[in-house]
Structure formats: structure tokens, C-alpha cells
Amino acid sequence: MLKKTLLTALLLGAAAGAFAQSPAPATPAKAQAASTLTPQQKALLEKQNVQMAQAALRIAQMVDQNQLGEIWDQSSSVAKQSTSKSDFVSGVSSDRSKLGAAGERRLQAITRTASKGGKVPAGVYVNVSYATHFAKAPRPVRELISFHLDSDKVWRVAGYTLR
């Protein structure tokens, strides 16, 4: 029952728009969407936010430790359909080597989206973004870790990008 309620809350959040965990003020649409959730659904979303932020931090730390192959091995099927293991490893490795060692990470936002397909494969996603300081970058870089809810109802990494 808890999983069904969590999925319902997630889908409500995805349908209503992105819920961000950041100091930025909520837009009227986001505030209205959040107010339509029950207190139980809000609590479940907050709990999921904590869990997804922890999972994203573990992935970011694995990237720091150059465990890129392991990340790809446990990633979502949607990630594996869009890139090969060698392309993922070489692409992330190349991007990270230009930035140097990671320093402080600050959670910026957790958003939920639902895709019907097209540019992004169909499904439900949670995106966790950090403002990360890197040794060779003058300003923080946006580190985005995306998760996809796979058909077995398990959240798996769907992407890692730097912007």
C-alpha cells in the first residue's frame, strides 16, 4: 500500500509540475499543486526527496572515484538504450577530467517529470541537481543525476550530466 501511495504521490507531483528543494520561492502554480496533496502525500514526497538526494550523492561520489563502469552496470534500461558502456565511461571521464577534483556539493533541486517518449524515453523521472565546486572551475557547475522508475518499480540511474 505504501508503494502504491508513494507512486500516486509521485505521479501527482509529476503531473502537477516540478517540486524543488531549493531556497527559491515557489511559483503560484507549484504552490497550488503542492497544496492539492494530502499531508501524507507531502510527507512521502519529502521522504522520497531525502532518499533520492542520498542516492544521487552516492552516484556522484562513485563518479568522483571513477567507478563509471559500475554506475553504468546498475543503471536503468533507458540509459543503456541511449548509450553504450564505453561511451558513457569515456564521456563522463572526459568531462570530469576537464574540471578536476570535486569539492563541495550543494543540493539545488529535486524535480519530477513524466515523459510520453520522444527526446526522452517514456517514463517517470526524478532529477537531482547539485551546485558542485571543482578544482579547475571558477564557478560551481551544475551536476545533474537523473533516475528512471523502471518497470520493476525500482529507481535506477538514467543519466549523469555536467552543465
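The secondary structure of the protein chain consists of 6 helices and 4 strands, where helices (H or I, at least four residues) and strands (E, at least two) are DSSP runs numbered from the N terminus. Along the sequence, these elements follow the pattern α-α-α-α-α-α-β-β-β-β. The model is predicted, so local features need pLDDT of at least 70 and side-chain atom pairs count only at pLDDT 80 or more, while totals for chains, interfaces and linings use all residues. Residues are numbered from 1 along each chain as its sequence is written, and side-chain values use heavy atoms, with hydrogens and water left out.

Of the 163 residues of the protein chain, 40% count as buried; buried means under 20% relative accessible area, exposed over 50%, and partly exposed in between (1.4 Å probe, protein chains only). The accessible surface comes to about 9200 Å², and carbon and sulfur atoms hold 57% of it. These areas come from the Shrake-Rupley method with a 1.4 Å probe, and for residues only the protein chains shown count as cover. Among contacts (heavy atoms within 4.5 Å) with a separation of 6 or more, 54% are between residues 24 or more positions apart.

The largest nonpolar core has 26 residues, and those with the most contacts inside it are I59, I71, F88, V128, I145, F147 and Y160. Such a core is a set of buried Ala, Val, Leu, Ile, Met, Phe, Trp, Tyr and Cys residues joined through side-chain atoms within 4.5 Å. Two or more residues of this core come from each of α3, α4, α6 (85-99), β2 (123-134), β3 and β4. The largest share, 8 residues, is given by α3. Leaving aside residues up to four places away in sequence, I71 touches I59, M62, V63, F88 and V157.

Helix α3 has 26 residues and reaches 37 Å from its first C-alpha to its last, close to the 38 Å expected at 1.5 Å a residue; the expected span is 1.5 Å times one less than the number of residues. Just after α3, N66 takes a positive phi of about 60°, although N66 is not a glycine. Most residues other than glycine have a negative phi. N66 lies in the loop between α3 (39-64) and α4 (68-73) and, at 52% relative accessibility, counts as exposed. K153 also has a positive phi, of about 65°, and is not a glycine. The place of K153 is the loop between β3 (141-149) and β4 (155-162), and its relative accessible area of 53% makes K153 exposed.

Strands β1 and β2 run antiparallel and are joined by 11 bridges; two strands pair if DSSP finds at least two bridges between them. In this pairing, T111 stands opposite N127 in β2. Strands β2 and β3 also pair in the antiparallel sense, over 8 bridges, and form a hairpin with 6 residues between them. Here Y130 stands opposite E143 in β3. Because 11 of its 12 residues are buried, β2 is largely enclosed by the rest of the structure.

R105 is found in β1 (residues 102-115) and is buried, at 18% relative accessibility. The side chain of R105 makes a polar contact of 2.6 Å with the side chain of E143. A polar contact is a pair of N or O atoms within 3.5 Å; within protein, one must be able to donate a hydrogen and the other to accept it, and residues adjacent in sequence count only if both atoms are side-chain atoms. Not counting residues up to four places away in sequence, R105 touches L57, A60, Q61, D64, R96, Y130, A131, T132 and E143.
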